[in-house]
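This briefing goes through selected features of one protein model.

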Amino acid sequence: MAAQSLLYANLNPLLISGSTGNQIKAGEQFLGSFPLKAKTTRPRLSNGCRVRAAANAVALPVEIPCQWYNVIADLSVKPPPPLHPKTFEPVKPEDLSPLFPDELIKQEASTDRFIDIPDEVLDIYRLWRPTPLIRAKRLEKILDTPARIYYKYEGGSPAGSHKPNTAVPQVYYNAQEGTKNVVTETGAGQWGSSLAFACSLFGLNCEVWQVRASYDQKPYRRLMMQTWGAKVHPSPSDITEAGRKILQMDPSSPGSLGIAISEAAEVAATNADTKYCLGSVLNHVLLHQTVIGEECIKQMEAAGETPDIIIGCTGGGSNFGGLSFPFIREKLNGKINPVIRAVEPTACPSLTKGVYAYDFGDTAGMTPLMKMHTLGHDFIPDPIHAGGLRYHGMAPLLSHVYELGLMEAISIPQTECFQGAIQFARTEGIIPAPEPTHAIAATIREALRCKETGEAKVILTAMCGHGHFDLASYEKYLQGKMVDLSFEEKKIQEALDKIPQVIA
């Protein structure tokens, strides 16, 4: 039963009391949804980390990692460097200094295997970390599959997703260097709300450009950001030159992450007291997210399980990289050999339909050129409900790992994703954000395949956030009004034709 029992029941955040130490307010421990008769204790580790109890009443210590993992150190072929958009030469630290603090620039180019997490960041992580690994027994039962499904749930953070894992260190490093203002983009609003939360803790001003489609679809995400003190603009806006150009071409533009990045980066580049924060794509962002995978490895070991397949959604790549990179390390070391599968929307299929080439990370062409899978920086995806996945490119590091053959990718339409989300919500109780519904749909596909073959595979999936602010999307699905949006080959080809011609 040990292999079936790593089902964490109490998802309430750790209660921390001032400077007198950590106090844990214990709730009931559960096997599935049934309370255990015997009282189990939760020992507290010296560093204040929570210890979760297994259903067999054996205490399993799960510590918050004290270091981030850098997968670049273990790749035999290093990823291509970002290039200066004018000289086509590798960017230098001074090229990035108008946008980022020095420590993040160092992390972006680092080849060190591990990087220490500052104590101040760990202290904030303890508000919600470690996050639970949960066995989806009820979903398994309704699917009648021999597969064992586990999901790593990041929705218990203050912002409701995995995004604070990088928002907190980014704001910390900016605060350390005296930055007063930070600006950013956000799609679904999970990143913007995470940055607003982090800024409220460190006393920085926060300004957010939210993709217009999501700004209209998710008003409560905007209110969440404003509650934490952020100023929020719909993107494209008339505040920036980049936004005004887009509105001149298309006054009703739904926006995209690429456009919002252009607007935020423009403001940072033209104001000396302002820095830019990015919620995905860049190396240091994926680095910070590896706390997910590092925790999960220990949790799987404690459960006596080894994943046969690891599944996660991909937009910019931070959630997927955060879970998969530590497992890729173990795979490269010959300890495990899981299939690692990225899932993207059919309306924005950068891995499965894009080209691997140097391209801008934003629509206006302000960023360095990055070697990545791209649909073209001019490509504006249709306004699907998974706003966090509407990005024209993929993280350069994830793209490189994909090119090395260490992972695979598929795309799934949004109606199938929401069908899976409804099954998940009605069995596991958690309403997923639209982004991880892609991983859930792929997990269900794999579990049903196991039903046909009789294989008892261990499936590990990333549940990167809850969908409490996405209920309008669920309403459309439940009312039968949701339609599948796909890309137009002509539209993508037009965008690909505008990719800079770089001889790598």
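The notes below are grouped by topic.

The model is predicted. Its aromatic pairs number 10, and a search of the whole structure returns four cavities of 30 Å³ or more. The largest pocket has a volume of about 620 Å³.

**Aromatic pairs**

- The count of aromatic pairs is 10.
- One of them joins Tyr-69 and Phe-114; the ring centres are 5.7 Å apart and the planes stand at 50°, so this pair is tilted. The angle falls between the limits of 30 degrees for stacked and 60 for edge-to-face.
- Tyr-69 belongs to strand E7 (residues 67-69) and Phe-114 to strand E8 (residues 114-116), so the contact ties together parts that are 45 residues apart in sequence.
- Tyr-69 has 1% relative accessibility and therefore counts as buried, whereas Phe-114, at 34%, counts as partly exposed.
- A stacked pair is formed by Phe-418 and Tyr-477, with 6.2 Å from centre to centre and 25° between the planes.
- This pair also links distant parts of the chain: Phe-418 is in helix H16 (residues 414-428) and Tyr-477 is in helix H18 (residues 471-478), 59 residues apart.
- Phe-418 is buried at 1% relative accessibility, while Tyr-477 is partly exposed at 23%.
- Tyr-125, Trp-128, Phe-197 and Trp-228 are linked by ring pairs into a cluster.

**Charges over rings**

- Arg-329 lies over the face of Tyr-69, 4.5 Å from the ring centre. Tyr-69 thus has a ring partner in Phe-114 as well as a charged group over its face.
- The charged end of Arg-222 sits over the ring of Tyr-215, at 5.1 Å from its centre.

- H16 has 15 residues, which at 1.5 Å a residue should span 21 Å; its end C-alpha atoms are 20 Å apart, so the two values agree.
- The buried residues of H16 are Gln-414, Cys-417, Phe-418, Gly-420, Ala-421, Ile-422, Phe-424, Ala-425, Thr-427 and Glu-428. Phe-418 also pairs with Tyr-477.
- Just after H16, Gly-429 takes a positive phi of about 90°.
- Pro-413 is placed in the loop between strand E19 (408-412) and H16. Its relative accessibility is 21%, so Pro-413 counts as partly exposed; the limit for buried is under 20%.
- Pro-413 and Leu-485 are 72 residues apart along the chain, and their C-alpha atoms are separated by 7.4 Å.

**Helix H6**

- The 13 residues of H6 (residues 190-202) should span 18 Å at 1.5 Å a residue, and the end C-alpha atoms are 19 Å apart, which agrees.
- H6 is mostly covered, with 10 of its 13 residues buried.
- The buried residues in H6 are Gln-190, Trp-191, Gly-192, Ser-193, Ser-194, Leu-195, Ala-196, Phe-197, Ala-198 and Cys-199.
- Phe-197 is also a member of the ring cluster with Tyr-125, Trp-128 and Trp-228.

**Largest pocket**

- The volume of the largest pocket is about 620 Å³.
- Its lining is made of 32 residues, and those nearest its centre are Pro-82, Val-91, Leu-96, Glu-108 and Asn-283.
- Two or more lining residues come from each of helix H1 (93-96), helix H2 (102-109), helix H10 (257-269), strand E18 (369-374) and helix H15 (396-403).
- H2 gives the largest share of this lining, three residues.
- Sorted by class, the lining of the largest pocket has 23 nonpolar, five polar and four charged residues.

**Cavities**

- Four cavities of 30 Å³ or more are found in the whole structure.
- The second largest cavity has a volume of about 60 Å³.
- It is lined by 13 residues, of which Asn-70, Val-71, Asn-283, Leu-287 and Leu-397 are the closest to its centre. Asn-283 is also among the residues nearest the centre of the largest pocket.
- H2 and helix H11 (283-289) are the elements that give two or more residues to the lining of the second largest cavity.
- H11 supplies the largest share of that lining, three residues.
- The lining of the second largest cavity has seven nonpolar, five polar and one charged residues.

Conventions: Residues are numbered from 1 along each chain as its sequence is written. This is a predicted model: local features need pLDDT of at least 70, side-chain atom pairs count only at pLDDT 80 or more; totals for chains, interfaces and linings use all residues. Side-chain values use heavy atoms; hydrogens and water are left out. Rings of Phe, Tyr and Trp (its six-membered ring) pair if their centres lie within 6.5 Å; planes under 30 degrees apart count as stacked, over 60 as edge-to-face and the rest as tilted. Helices (H or I, at least four residues) and strands (E, at least two) are DSSP runs, numbered from the N terminus. Buried means under 20% relative accessible area, exposed over 50%, partly exposed in between (1.4 Å probe, protein chains only). A charge sits over a ring if NZ of Lys or CZ of Arg is within 6 Å of the ring centre and within 35 degrees of the ring normal. The expected span of a helix is 1.5 Å times one less than its number of residues. On a 1 Å grid over the protein atoms alone, a cavity is a set of points where a 1.4 Å probe fits but cannot get out, and a pocket is an open set with protein on both sides within 12 Å along at least five of seven lines; lining residues have an atom within 4 Å of a point. Grid points are joined across faces, edges and corners, and a volume is the space filled by probe spheres set on the points. Ala, Val, Leu, Ile, Met, Phe, Trp, Tyr, Cys and Pro count as nonpolar, Asp, Glu, Lys and Arg as charged, and the others, Gly among them, as polar.
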